Amino acid sequence: MRLSSLFAVLLCMAILAGCNSSRKAVTPALGPVSTSVADRYDALAGAYGTWTDVTVPLSIDIVSPKGFSISGRAKLVRGKSVDISLRMLGFEVGRLYATPDSIYGMVKVGKTYMAESLAELLPGMPFTLGNLQDMLMGRFFYMGSDAPVAGDYKKFNAESVAGGWILIPKTHPDGLEYGFNMTVDNVLRSLVIAVTQKNILAQCDYSGAYNDSKMGPLMNDLRVKSDTPRYKIDATISWRWNDARWNEGVTSSWATPNGYKRVKASALVKSIN
């Protein structure tokens, strides 16, 4: 996918979303919005609060590769770990744990676990763990860097479009292109990622804007859709940011569970439901 093609995809998404939003009033997330794209960038990036850790309830609804719904609680330590405990009727039935270079998971029913590298699960996508955390929370980022995006407008190409504005990095990792689509009210609407060498197209759609008094803009709902050579992904993560606890010094770790059989990620998903 050429950069012009990625721009066209984002433009179409912005126009379609703009048509939908024209029939429904939208509450600005950050108050009055400047007309300059550079000012919009600075307003949104500057509103992102810094954090070290957060504990937050969530629910996950997966349509594909296998349909099931489950709730849980996540512990995120900035740039270090993502720890999600999956629960049913108050009991832990599974767990997902990510570090800067690996992803682990376990399902208690059947006693299975997985341990795979980020590079294997996300081929051709050089995310840092901080990038993945920003993506989950509904914040834009510069791939490969965990540094705050405030003041980094020069790293992006930005353009106003009908119903909002588009943000695309000036440089991309080899074989990959990505970009963000914002509303006119400075709310992240979507992220599109194209891995040309792996024939992968992924899209993250956001809804339910939430503005925390200290942490700034977050998104309550994230829907991930992707077609890969191995399988199709369609899943929604819903966060309860109003119940989040921030910067309490939370830590977490992973240990291989005793007596569990190691399987591939696809087999682990099949064993959950």
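Predicted model: local features only at pLDDT ≥ 70, side-chain atom pairs only at ≥ 80, totals over all residues.
How many of the residues of helix H4 are buried? The helix is mostly covered, with 9 of its 9 residues buried, where buried stands for under 20% relative accessible area, exposed for over 50% and partly exposed for the range in between (1.4 Å probe, protein chains only). These residues are Leu129, Gly130, Asn131, Leu132, Gln133, Asp134, Met135, Leu136 and Met137. Just after H4, Gly138 adopts a positive phi of about 90°.

Residues are numbered from 1 along each chain as its sequence is written, and side-chain values use heavy atoms, with hydrogens and water left out.

On the scale of the whole chain, 5 helices and 15 strands are assigned; these are DSSP runs numbered from the N terminus, with helices (H or I) of at least four residues and strands (E) of at least two. Of the 273 residues, 47% count as buried. Among contacts (heavy atoms within 4.5 Å) between residues at least 6 apart in sequence, 52% join residues at least 24 apart. The average pLDDT, the predictor's confidence in each residue from 0 to 100, is 85 for the protein chain, and 83% of the residues score at least 70. The pLDDT is below 50 over residues 1-28, a stretch that has 45 contacts in the model beyond near neighbours in sequence.

Strand E1 (residues 53-64) runs antiparallel to strand E2 (residues 68-77), and 10 bridges join them; Ile60 has Ile70 in E2 as its bridge partner. A hairpin is formed by E1 and E2, with 3 residues between them. E2 also pairs in the antiparallel sense with strand E3 (residues 81-88), over 7 bridges, and Leu86 in E3 is the bridge partner of Gly72. E2 and E3 likewise form a hairpin with 3 residues between them, and Gly79 in the turn has a positive phi of about 70°.

Aromatic contacts come next. Rings of Phe, Tyr and Trp (its six-membered ring) pair if their centres lie within 6.5 Å; planes under 30 degrees apart count as stacked, over 60 as edge-to-face and the rest as tilted. By this rule there are 17 aromatic pairs. One of them, Phe141 with Phe180, is edge-to-face, at 5.2 Å centre to centre and 85° between the planes. This pair links distant parts of the chain, 39 residues apart: Phe141 lies in the loop between helix H4 (129-137) and strand E7 (156-161), and Phe180 lies in strand E9. Both Phe141 and Phe180 are buried, and both belong to one aromatic cluster, whose members include Tyr41, Phe127, Tyr142 and Tyr178. The charged end of Lys155 sits over the ring of Tyr142, 4.9 Å from its centre, the criterion being NZ of Lys or CZ of Arg within 6 Å of the ring centre and within 35 degrees of the ring normal.

Finally, Asn186 is placed in the loop between strand E9 (176-183) and strand E10 (188-195). Asn186 counts as buried because its relative accessibility is 3%. Its side chain reaches the backbone oxygen of Arg40 at 3.0 Å and makes a polar contact with the side chain of Trp165 (3.0 Å). A polar contact is a pair of N or O atoms within 3.5 Å; within protein, one must be able to donate a hydrogen and the other to accept it, and residues adjacent in sequence count only if both atoms are side-chain atoms.

Key
Pairing = 2+ DSSP bridges.
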